[in-house]
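Hi there,

I'm passing a structure on to you, and below it I've written up what turned up in it. Please have it open while you read.

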Amino acid sequence: MEEFVKVAVDAMGGDNAPEEIVKGAVEAVKDCDKIKIILVGQEKVVKDTLSHYEYPADRISVVHAEEVITNDEAPVMAIRRKKESSIVVAMNLVKKGEADAFVSAGSTGAILVGGQLIVGRIRGIERPPLAPLIPTLSGVSLLIDCGANVDARSSHLVQFAKMGSVYMEHVMGVRNPRVAIVNIGAEEEKGNMLVKETYPLLKNCNEINFVGSIEARDIPYGKADVIVCEAFVGNVILKLYEGVGSAMMTKIKDGLMSTLRSKFGAVLIKPALKKTLKSFDASEYGGAPMLGLNGLVIKTHGSSKSIEVKNSIIQSVAFKEQQINEKIKNNVVNNE
């Protein structure tokens with residue numbers, strides 16, 4: 001009998017909860033027959049939303065959680081005080097082994113705190129990073145860290161590089177992934193103190209395929225598969241990536257609609273343009289896994305629509321099937 005991947009989904013988290021979260025969950029079970037979903041949130045609200053859809057009833061269940069953690073609450077206090085919140089209840093399902101993964105578009109701070117306090121770190125992992133996939137001309141790259149550890153040390157970045165390599169190779173199928181550290185130039189002697197300390201450690205690390213420094217302008221061209229940085233730099237890169245992408249799409253649409261001739265041209269190129277723009281849409285690649293925990297935690301954008309929720313849920317399948325946590329233990333912790 002085939003074993004399902006059980007995913008606990010925070011039905012109350014995010015700007016578009018519960019409608020888009022529930023819709024994404026329904027789309028996930030329809031697209032992937034390996035998944036069972038536990039929607040965690042205010043039972044009546046969630047079930048009322050579910051009632052608008054047809055879905056395999058044996059593969060979506062609801063667990064009640066009365067409270068909701070909001071973005072304006074202090075993360076540590078919220079996790080400790082709101083024991084009946086959707087984030088805490090869902091993470092406890094992962095901790096107890098009743099779910100394999102947790103997906104949420106809710107408070108980033110609460111998810112980061114809950115991941116460490118409730119799900120817990122793998123023994124030997126110093127800091128769990130957030131690692132989203134970002135689109136490039138050659139496919140996708142893993143940006144690690146994008147928001148969890150602003151004041152990281154060089155030893156943290158080395159672990160990020162190792163965990164990122166494991167993820168890209170075994171989840172994304174990239175053989176011998178190229179690892180680079182974000183820098184202000186290609187030369188080894190450049191960078192701030194953290195980069196200068198980390199560079200030789202990565203260079204001498206036999207467990208990864210280190211290719212040196214990468215400048216921000218080279219990231220969209222796919223010149224590395226794993227892009228290593230601390231969270232402040234990573235978050236700036238991610239937000240700029242998203243902002244430029246959104247602005248470019250707006251300018252393209254405005255240009256195509258500017259004259260009668262361009263409108264005719266838009267009709268002709270629409271299928272090809274839609275396919276191209278879709279490949280550069282970050283929502284197509286799911287959320288950011290928090291690597292190095294005892295269970296899988298995935299953070300999606302607060303403004304996530306159903307497609308990103310669906311893809312974040314489906315991410316969980318490869319993570320479990322490839323036994324990523326076991327590989328992290330073997331390749332990252334046990335080799336140190």
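Before the first number, here is a term you will need: buried area is the accessible area, taken with a 1.4 Å probe, that two parts lose on being put together, summed over both. Please also keep in mind that this is a predicted model.

The protein chain falls into domain 1, made of 1–125 + 292–322, and domain 2, made of 129–285. Their C-alpha centres are 26 Å apart. Between domain 1 and domain 2, about 1100 Å² is buried, and carbon and sulfur atoms supply 59% of that area. On the domain 1 side, the elements giving two or more residues to the part that touches domain 2 are helix 5 (108–119) and helix 10 (306–321). Helix 10 gives the most, with 6 residues. By type, the residues on this side of domain 1 divide into 5 nonpolar, 7 polar and 2 charged.

In terms of contacts, 14 residues of domain 1 touch 12 residues of domain 2. How many salt bridges are there between domain 1 and domain 2? The count is 0. Polar contacts do turn up across this interface, in 3 residue pairs.

**Salt bridges**

Side chains of opposite charge can pair when their charged atoms come close. Searching the whole structure gives 15 salt bridges, and three of them are worth a look here.

- D100 pairs with K320, with 3.3 Å between the closest N and O atoms. D100 sits in the loop between helix 4 (86–95) and strand 4 (101–104) while K320 is in helix 10, so this pair ties together parts that are 220 residues apart in sequence. D100 is partly exposed at 23% relative accessibility, and K320 is partly exposed at 25%.
- R153 and E126 meet at 3.4 Å, N to O. R153 lies in the loop between strand 6 and helix 6, and E126 in the loop between helix 5 and strand 5 (133–136), 27 residues apart. R153 counts as partly exposed, with a relative accessible area of 48%, and E126 is partly exposed at 26%.
- R178 pairs with D225, where the closest N and O atoms are 3.0 Å apart. R178 is in strand 7 and D225 in the loop between strand 8 (209–214) and strand 9 (226–228), so the pair ties together parts 47 residues apart in sequence. R178 is partly exposed at 28%. Is D225 buried or exposed? Because buried means under 20% relative accessible area, D225, at 10%, is buried.

There is also a network: E3, D100 and K320 are joined by salt bridges that share partners.

**Backbone details to look for**

Most residues other than glycine have a negative phi, and most peptide bonds are trans. Here are some places that depart from this pattern.

The peptide bond joining A17 and P18 is cis, with omega about -5°. P18 belongs to the loop between strand 1 (5–10) and helix 1 (19–31). Another cis bond runs from I144 to D145, with omega near 20°, and D145 is in the loop between strand 6 (139–144) and helix 6 (154–170).

As for phi, N176 has a positive value near 50°. You will find N176 in the loop between helix 6 and strand 7 (178–182), partly exposed at 48% relative accessibility. Q323 also has a positive phi, near 50°, and its place is in the loop between helix 10 and helix 11 (324–333).

Enjoy exploring it!

Best wishes

Methods: Residues numbered from 1 in each chain as written. Predicted model: local features only at pLDDT ≥ 70, side-chain atom pairs only at ≥ 80, totals over all residues. Heavy atoms only, no water. Domains from an automatic or database assignment. Contact = heavy atoms within 4.5 Å. Salt bridge = Lys/Arg side-chain N within 4 Å of Asp/Glu carboxyl O. Polar contact = N/O pair within 3.5 Å; in protein donor to acceptor, adjacent residues only side chain to side chain. Helix = DSSP H or I, 4+ residues; strand = E, 2+ residues; numbered from the N terminus. Nonpolar A, V, L, I, M, F, W, Y, C, P; charged D, E, K, R; others polar. Buried < 20%, exposed > 50% of the residue type's maximum accessible area, 1.4 Å probe, protein only.
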